[in-house]
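Here are some friendly notes to read with the model open beside you.

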Amino acid sequence: MGEEIPKKVMNKGCIFLFIVICLYVLTLLIKTDIAVNALAFSIKLLYQIFPVLLLIFVLIFVSNFLVKPDWVRVNVGKGSGVRGWLVALVGGILSVGPIYAWYALLRDLQAKGMRTALIAVFLYNRGIKLPLLPLMIHYFGGIYTLILAVYMTLFSVIGGILLEKILERKEPSQ
Amino acid sequence: MRKIKPKTQSELLISSTKKTVSMFVGMLPILLGVILLTGLILEILPVDKVSDWFGQNILFDSLIGATLGSISAGHPLTSYVLGGELLTQGISLVAVTALLVSWVTVGSIQFPAEAIMLGRRFALYRNLLCFIFSILIAVLTVTTMQLLG
């Protein structure tokens, strides 16, 4: 079963939201038009990402209902091997919407045993936007786009391995 | 020892729904905070004037490109348009590539949310690595392009 958001995380989230609201109030007092435009943009953004939020809600539900820690261990856990890297890599490339909308699902999978390196790989490969590739080719050329995508994929794996090593190395001293 | 009775499908369905709703409600303040912060940063950041910041040398420009990409939170399409504009103004491809890569991989605005949800050290080191990688990838991409002619 997935991990519910603990009270501590909820409290931190509320503090973060409170700080952002304070920034808005401050901006409103100094430059009203900036605060109003920012709020209008944020509402538009929320409206735009609403379908993604619904998709993520469904995925978290599926994760809670169907995905058991054993499945996570086999497919994206410590012993998942090449399959784990591929799942994280392809999952990251195919995932849509803003990155922050995926944190809850990744947290859930992390609690079930997903490797830190694979979470990093998933997040990094979100940088490769398949639907936007034709536009990138239009602006920068096909060869450039291909080389960049290959390097980004390669560095996502290097980054995942490095991050896991860094976090593992520092953990015992905490 | 007390034996735990296995859950029936309907019990599992109800508990999964409850858990999902609880997770989602817990995530809402973070999500709203990031969305509001994104709107504010985009309004404050003078994206149309960034070309003035470049033009020192390739390394410095790459650092500026990577930094600018890191603090930006708009749609990746904006980075393509901005990158294309910078290229026509004579800014190096290395700097523009660093901007493009860091734009989609480093999340300064999302950092508080990432730190709360996935751990502060995870978020800190991941974003730091992504920042360094954006410059490395930029140099490697442009070098490879030059080698290929």
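1. Start with chain A, and follow its elements from the N terminus: they run α-α-α-α-α-α-α-α. In this predicted model, chain A has eight helices and zero strands. Along the principal axes, its C-alpha atoms fill a box of roughly 55 × 50 × 35 Å. Of the 174 residues in chain A, 36% are buried. If you take the contacts in chain A with a separation of 6 or more, 81% of them are between residues 24 or more positions apart.

2. Next, how far can you trust chain A? Its mean pLDDT is 86, with 93% of the residues at 70 or more. Among its elements, helix H6 of chain A (residues 116–125) has the highest mean pLDDT, 95, while helix H3 of chain A (residues 69–76) has the lowest, 79. For the model as a whole, ipTM is 0.79 and pTM is 0.79.

3. Now find A:Lys31. Where does A:Lys31 sit? Its place is the loop between helix H1 (7–30) and helix H2 (32–65) of chain A. A:Lys31 has 14 other C-beta atoms within 10 Å; a buried residue would need 20 or more and an exposed one 12 or fewer, so A:Lys31 counts as partly exposed.

4. Turn to chain B, whose pattern along the sequence is α-α-α-α-α-α. That makes six helices and zero strands. Chain B has a radius of gyration of 21 Å, whereas the globule rule gives 15 Å for 149 residues, so chain B is more spread out than a compact globule. Its C-alpha trace spans about 70 × 35 × 25 Å along the principal axes. In chain B, 48% of the 149 residues count as buried. Among its contacts between residues at least 6 apart in sequence, 79% join residues at least 24 apart.

5. The mean pLDDT is 84, and 92% of the residues of chain B reach 70 or more. H6(B) has the highest mean among the elements of this chain, 95, and H3(B) has the lowest, 79.

6. Stay with H3(B) for a moment and check its length. Its 13 residues should span 18 Å at 1.5 Å a residue, and the end C-alpha atoms lie 19 Å apart, which agrees. Which residues of H3(B) are buried? They are B:Ser79, B:Tyr80, B:Leu82, B:Gly83 and B:Leu86. These buried residues pack against helix H7 (133–140) of chain A, and also against helix H2 (58–71) and H4 of chain B. After H3(B) comes B:Gly90, with a positive phi near 90°.

7. How do the chains meet? In chain B, 56 residues are in contact with 61 residues of chain A. On the chain B side, the elements that give two or more residues are helix H1 (9–44), helix H3 (76–88), helix H4 (93–105), helix H5 (111–118) and helix H6 (120–148) of chain B. H1(B) gives the most, with 26 residues. Sorted by class, this side of chain B has 35 nonpolar, 16 polar and five charged residues.

8. In soluble globular proteins, nonpolar side chains tend to be buried together. Here the largest nonpolar core has 78 residues, and the members that touch the most others are A:Ala104, A:Leu118, A:Val121, B:Ile30, B:Val34, B:Ala98 and B:Leu99. H6(B) supplies the largest share of this core, 11 residues. Leaving out residues up to four places away in sequence, B:Leu99 touches B:Gly65, B:Ala66, B:Leu68, B:Gly69, B:Ser79 and B:Gly83.

9. Finish with B:Leu128, a residue found in helix H6 of chain B. Is B:Leu128 buried or partly exposed? With 13 other C-beta atoms within 10 Å, B:Leu128 is partly exposed. B:Leu128 and B:Val106 are 22 residues apart in sequence, and 7.9 Å apart in space from C-alpha to C-alpha.

Key: Residues numbered from 1 in each chain as written. Chains lettered and ligands numbered in written order. Predicted model: local features only at pLDDT ≥ 70, side-chain atom pairs only at ≥ 80, totals over all residues. Contact = placed C-beta atoms within 7 Å. Helix = DSSP H or I, 4+ residues; strand = E, 2+ residues; numbered from the N terminus. Nonpolar A, V, L, I, M, F, W, Y, C, P; charged D, E, K, R; others polar. pLDDT = per-residue confidence, 0-100. Core = buried A, V, L, I, M, F, W, Y, C linked by C-beta atoms within 7 Å. Rg over C-alpha atoms; globule rule 2.2 N^0.38 Å. Expected span 1.5 Å × (residues − 1).
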